[in-house]
Amino acid sequence: MLLTIIYIIAITAEAMTGALSAGRRSMDWFGVILIACVTALGGGSVRDVLLGHYPLGWVKHPEYLVLTCGAALFTMLIANWMKQLRAMFLLLDALGLIGFTIIGCQIAIHLGHGFVISAVAGVLTGVSGGILRDILCNDIPLVFRRELYASISFVAVICYWVCIQLGVLLEWTVIITLIFGFSLRVIAIRFGLEMPKFIYQDDDEHSASSKDV
Amino acid sequence: MLLTIIYIIAITAEAMTGALSAGRRSMDWFGVILIACVTALGGGSVRDVLLGHYPLGWVKHPEYLVLTCGAALFTMLIANWMKQLRAMFLLLDALGLIGFTIIGCQIAIHLGHGFVISAVAGVLTGVSGGILRDILCNDIPLVFRRELYASISFVAVICYWVCIQLGVLLEWTVIITLIFGFSLRVIAIRFGLEMPKFIYQDDDEHSASSKDV
Amino acid sequence: MLLTIIYIIAITAEAMTGALSAGRRSMDWFGVILIACVTALGGGSVRDVLLGHYPLGWVKHPEYLVLTCGAALFTMLIANWMKQLRAMFLLLDALGLIGFTIIGCQIAIHLGHGFVISAVAGVLTGVSGGILRDILCNDIPLVFRRELYASISFVAVICYWVCIQLGVLLEWTVIITLIFGFSLRVIAIRFGLEMPKFIYQDDDEHSASSKDV
């Protein structure tokens with residue numbers, strides 16, 4: 001119940017960030033709606049396709065798809081007011097990240113997978129919508145270059161898993177993970193915490209690239 | 001029967017546009033063939049993977065894959081004559097768009113889905129081959145920035161759905177949708193009709209991007 | 001048995017090339033790990049999703065995922081020594097290419113597919129990890145622009161298929177294909193052999209692009 005509410009908040013918030021990204025690239029309305037849907041529902045779709053968990057969420061519940069399209073259209077209407085809402089957005093997005101992560105993790109556990117696959121499912125659900133959005137907008141995914149984001153999703157998975165192993169009730173596990181992950185994300189944004197970067201330079205970019213093929 | 005013929009024309013035309021795109025990026029023959037296959041068969045594959053509709057079309061009928069490869073090789077041979085064939089190409093591509101849309105829509109209806117999912121399936125089949133082509137060529141997908149294209153696919157879905165609901169015979173539904181969608185696309189090209197664009201600019205691109213993460 | 005060893009070498013080598021690519025783009029640790037996993041395991045995942053072959057390899061054997069993550073972390077540690085290891089890398093990568101190809105081909109044959117689909121499965125397994133890596137790093141996939149790579153994967157499929165048809169024992173088929181494909185790749189690198197390129201230029205890039213939509 002709580003998770004459904006968080007899921008709805010999360011897809012709405014993600015759809016709106018997707019629509020803004022598309023607007024920065026001056027896409028047409030169709031592009032805006034498609035990017036919004038991919039951002040909001042892409043993470044769960046990637047997870048379900050990789051785990052063979054059919055039907056996908058939005059195929060079973062097309063109302064989520066309609067909600068996402070509505071959020072995209074609404075974003076176009078109120079875009080000029082959005083700049084004042086930056087702080088609220090970041091908080092909704094943080095809530096969405098942890099909500100998506102918990103949902104992804106739960107689905108993998110229900111399918112009988114162990115910790116590694118549940119962690120992958122949780123993190124994928126949390127971050128891959130944003131990665132797909134950035135690929136469609138022809139950017140290097142921001143997830144890889146910004147404040148702690150995917151790593152917080154991973155820490156939330158660990159928190160969830162530890163609670164489950166300790167026998168904490170499912171409702172409490174969800175609430176603890178939400179509060180813990182959300183607080184971490186807020187701290188990361190507030191202080192601009194970043195993951196360490198790995199910077200590698202070849203002496204000779206051209207000849208080196210044959211190594212990559 | 002009619003749809004099979006249109007499907008074959010459509011994948012051939014799409015394969016050729018894919019091959020030309022690859023040629024603009026000076027790819028090697030393998031790249032040309034791969035981009036041609038992705039452009040022609042990618043839309044249907046995305047739809048089938050998302051709907052869990054296995055086996056995929058080209059896995060069941062590898063001859064379509066062979067045809068696509070052949071079309072790519074043929075395009076390389078006649079590339080210099082292609083410039084004179086621009087108009088014909090646009091017409092074949094328009095036919096393909098509507099044909100793909102109808103096929104995608106039909107498959108979703110056969111799987112028991114309602115209007116929303118059928119519309120998504122139709123539009124995805126029509127446009128996502130071209131989106132994948134542009135991602136592989138490292139472009140922002142043209143679909144989002146050009147004359148009416150995806151929206152015509154969507155209008156064709158509505159036309160198809162309305163005909164079905166009105167009890168029109170399937171053959172007639174296909175023919176009406178084809179003529180209607182095709183005419184719309186030709187009009188859109190002729191008069192350069194575009195979807196309205198959503199243009200959004202942050203005051204500060206850098207600080208704003210944290211909103212996107 | 002031999003194939004399992006080659007598979008482990010291959011995913012380790014591919015994970016390391018992925019990590020270096022991510023490092024060239026100054027990604028953070030999470031990005032490095034994700035790109036490494038996608039490069040190493042993405043080819044097999046694409047094949048399995050397209051063929052509907054569930055569960056995916058790394059879902060069934062999460063230890064491969066752990067190995068890939070370990071290889072990525074290890075690469076970050078020893079990156080400065082990697083430049084001296086270029087030659088070794090190219091050889092491991094060549095081994096991986098042929099190993100992946102053989103595995104992909106075998107899986108398709110086990111699923112009852114014919115030559116065309118087996119060839120696609122082999123080549124996809126061999127090359128699509130690298131293609132996904134380049135998309136995530138926002139490059140035009142190198143596979144399409146470098147020395148013979150995908151085409152060697154295709155030749156290895158033909159070699160494998162011919163051996164099977166001639167009734168050669170499976171072990172010998174694997175060994176012959178490995179030696180043959182590996183030698184071809186080494187020759188291609190040594191002499192800088194490339195596929196012919198298809199270069200296509202429109203008179204007018206702007207107006208021509210409507211043809212692509």
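Tutor: Start with a definition: a residue is buried under 20% relative accessible area, exposed over 50%, and partly exposed in between. Keep in mind that this is a predicted model.

Student: Is A:Ser26 buried, exposed or partly exposed?

Tutor: A:Ser26 sits in the loop between helix H1 (2-24) and H2 of chain A. Its relative accessibility is 26%. The value falls between the cut-offs of 20% and 50%, so A:Ser26 counts as partly exposed.

Student: What is the phi of A:Ser26 near?

Tutor: A:Ser26 is a residue other than glycine, and its phi is positive. The value is near 55°.

Student: What is the phi of C:Ser26, and how does that residue class by accessibility?

Tutor: C:Ser26 is found in the loop between helix H1 (2-24) and H2 of chain C. It is not a glycine, yet its phi is positive, at about 55°. With 25% relative accessibility, C:Ser26 is partly exposed.

Student: Which residue does a cis peptide bond join to A:Tyr54?

Tutor: The omega of this bond is about -10°.

Student: What is omega for the cis peptide bond between C:Tyr54 and C:Pro55?

Tutor: C:Pro55 belongs to the loop between helix H2 (29-51) and helix H3 (57-60) of chain C. The cis bond joining C:Tyr54 to C:Pro55 has an omega of about -5°.

Student: How far apart are the end C-alpha atoms of residues 89-109 of chain A?

Tutor: An unreviewed UniProt entry annotates several spans of chain A as "transmembrane region", including 64-82 and 89-109. In the model, residues 64-82 are 100% helix, with end C-alpha atoms 23 Å apart. Residues 89-109 are also 100% helix and 0% strand. For residues 89-109 the end C-alpha atoms lie 30 Å apart.

Student: Where in chain A is confidence lowest?

Tutor: Chain A averages a pLDDT of 86, and 92% of its residues score at least 70. Confidence is highest in H3(A), at 94. The lowest mean, 41, belongs to helix H9 (residues 205-212) of chain A.

Student: How many contacts beyond four places in sequence does the model have for residues 204-213 of chain A?

Tutor: Over residues 204-213 of chain A, pLDDT stays under 50. A contact here means heavy atoms within 4.5 Å. For that stretch the model has 32 contacts beyond four places in sequence.

Conventions: Residues are numbered from 1 along each chain as its sequence is written. Chains are lettered from A and ligands numbered from 1 in the order in which they are written. This is a predicted model: local features need pLDDT of at least 70, side-chain atom pairs count only at pLDDT 80 or more; totals for chains, interfaces and linings use all residues. Side-chain values use heavy atoms; hydrogens and water are left out. Helices (H or I, at least four residues) and strands (E, at least two) are DSSP runs, numbered from the N terminus. Buried means under 20% relative accessible area, exposed over 50%, partly exposed in between (1.4 Å probe, protein chains only). UniProt positions are given in the numbering used here, feature names are shortened, and annotations may be inferred rather than shown by experiment. pLDDT is the predictor's confidence in each residue, from 0 to 100.
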